[in-house]
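Please look over the sequence and the model first, and then follow the text.

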Amino acid sequence: MKRVSLPLWLVSAFLYVFMYAPLAVVIIFSFNAAKHGGPWTGFTTDWYTSLLADKQKQDATWNTLILAVASTVIATALGTMLGYGLSRYWFPGKKMFSLAMYIPVMIPDIVMAVAMLAFFKLLTSAGGFLQMGLATMTIAHITFQIPFVAIVVRSRLVGMDPAIEEAAHDLGASTWQTFWSVTFPLMLPGVLAGAMLAFTLSLDDFVVSFFTTGPGATTLPILIYSSVKRGITPDINALSTLIVLASVIGTIGVTLLQRPRQPSGG
Amino acid sequence: MANERKGEVQFGEQLTVRSHILRSAMTSGPGIFWVTFFLLLPLVWIGVISFLTRTEVGGFERPFTFENYTRFIGFGFFGFDMLYPQIILRSLVLGIGTAVLCMITALPLAFFIAGLPARYKTLALTLVLIPFWTNLLIRTYAWQILLAPESPLTRLAVWLHFTEPGLPLYPSAMAIYIGMVCDYLPFLVLPLYASVEKIDWSIAEAASDLGADGPRVFWHAILPQVTPGLVAGIILVLIPATGQFVIPDLLGGAKTVMLGNAIQQQFQQSRDWPFGSAITFVGMGAVMLGLWAYARAAGERGGEII
């Protein structure tokens, strides 16, 4: 029953081509000598060397990385604690909050983006301690990352056998000892998976950053968007090619890392 | 979650209601505070703004008014205007259309990957994951190149008498749909594949032995088994697709303004935050209503959310 027929092969091959055509065309056109895009006029690597001198694009790269690392570290800490607390302890209003936590997962990101924009404007007008820029973007990213981390960590904890912790307690370990030497090592894969998810969500985000940033703080997605709005240029293709390359390496790296523990994949 | 009941022994510890709340505050506390302060409060805040009046400099002030909502459903300065109801309808059609198209394309792909020998499976799956983890903006603007007037794809379309020579295939509704399916296909393939892997093929064999032909075996013995993956995937696609702003912005034109673009316009170019908030709130309300209905349906079937 389970075999791959010829029509299925053809349809799937077409779909892979369909998914990869955009990536391929960006890579190909990053080597195109034509200045304003358009048809192929010759091979060049000029657009890559021009990136080396382009301070604006380098700044955007740094901003993107700083934003992703800072927000991931904070969101992973808060999200892990949240996921742990939700899986173990009760508090009034817990059901309501557990549902509200799905908002960033479920609503279109533009809703979150404009809500945070309006709120940050309120805060910045109230006092001079917060300015629209990298700080507000980081806060915004942490906000949508926390629920993702908490959901991943909680699902890992819910699937765990309570007998393991009970055994630790029975053998005389305190709550603190049990947590650090039994629970935490067991939940670590969930924490790492959550952190990885948070990191990629931050790197990929355009909409929330676009609305919550301020003058001077540009990330790679914002830079690409505003360049594309003015017309695609070859150096944007070169930059995008490097991003695609990073995504390919990242995806393969994660797949290889996961392999020994989950031989069947998924 | 039965092991969360108050005052019972769990994980080897006896906890009172008070210690439950205390420990919640120590663990969940900071996360709850952050999400409440930076997400739930802002959502309430734009709810408030949506009832305020716009000032001439682009701010907002009292008195409270329903005007933003009545304007949204069509009662404007110049009588009845269908612009915004049309935008909602168009966005819903786009969301549902994208989900349906992704479903049709994801089904063969998921069965293809599941049918491969084990050692090619990881490769085939990784090949779906790579576009999934590649920035959506890049995958979207690339279609501007692919659908440009002189591109091979456009020439093919001209040769097939699909379009007129010299015309680009974008901006158009079709370009938006191409971009949408290309971007959201992996979102459906991945959960669907997980379901296909779990299929009990003996049920299909039994149906076939009992005389069912191919389509009937698929419809009655296979499709019901992959429904959970299909539903999960459709939810992952439907909501973000309805609120998409980047893809219609880059591949569509003035005639294909969607909900996301309308919100962006009000918050940035027009600087009419009260009206923009009203659009946002109605859009979010629609999503919440849908989710609530889904949570109820899932709850009745005894399942968890997601």
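Which residues touch the most other members of the largest nonpolar core? In this core of 143 residues they are A:Val114, B:Ala110, B:Val189 and B:Val237. Its largest share, 15 residues, comes from helix α8 (residues 173–197) of chain B. A nonpolar core is a set of buried Ala, Val, Leu, Ile, Met, Phe, Trp, Tyr and Cys residues joined through C-beta atoms within 7 Å, and a residue is buried if 20 or more other C-beta atoms lie within 10 Å of its own, exposed if 12 or fewer, and partly exposed in between, with C-beta atoms placed from the backbone.

This is a predicted model, in which local features need pLDDT of at least 70 and side-chain atom pairs count only at pLDDT 80 or more, while totals for chains, interfaces and linings use all residues. Residues are numbered from 1 along each chain as its sequence is written, and chains are lettered from A and ligands numbered from 1 in the order in which they are written.

The model scores ipTM 0.88 and pTM 0.87.

| Part of chain B | pLDDT |
|---|---|
| Chain B | mean 83 |
| Strand β1 (residues 9–10), lowest | mean 62 |
| Helix α2, highest | mean 94 |
| Residues 302–306 | below 50 |

Where pLDDT is low, the predicted coordinates should not be read in detail.

Helices (H or I, at least four residues) and strands (E, at least two) are DSSP runs, numbered from the N terminus. The axes of helix α4 (residues 83–115) and helix α10 (residues 214–242) of chain B come within 8 Å and cross at roughly 145°, where axes are lines fitted to C-alpha atoms, for helices over the stretch in contact, and angles run from 0 to 180 degrees between N-to-C directions. Two residues are in contact if their C-beta atoms, placed from the backbone, lie within 7 Å. Among the residues of α10(B) that meet α4(B) is B:Val237, and, not counting residues up to four places away in sequence, B:Val237 touches B:Thr98, B:Ala99, B:Cys102, B:Tyr184, B:Phe187 and B:Leu188.

The contact between the chains takes 83 residues from chain B and 83 residues from chain A. On the side of chain B that touches chain A, helix α2 (residues 29–49) of chain B gives the most, with 14 residues.

Methods
pLDDT = per-residue confidence, 0-100.
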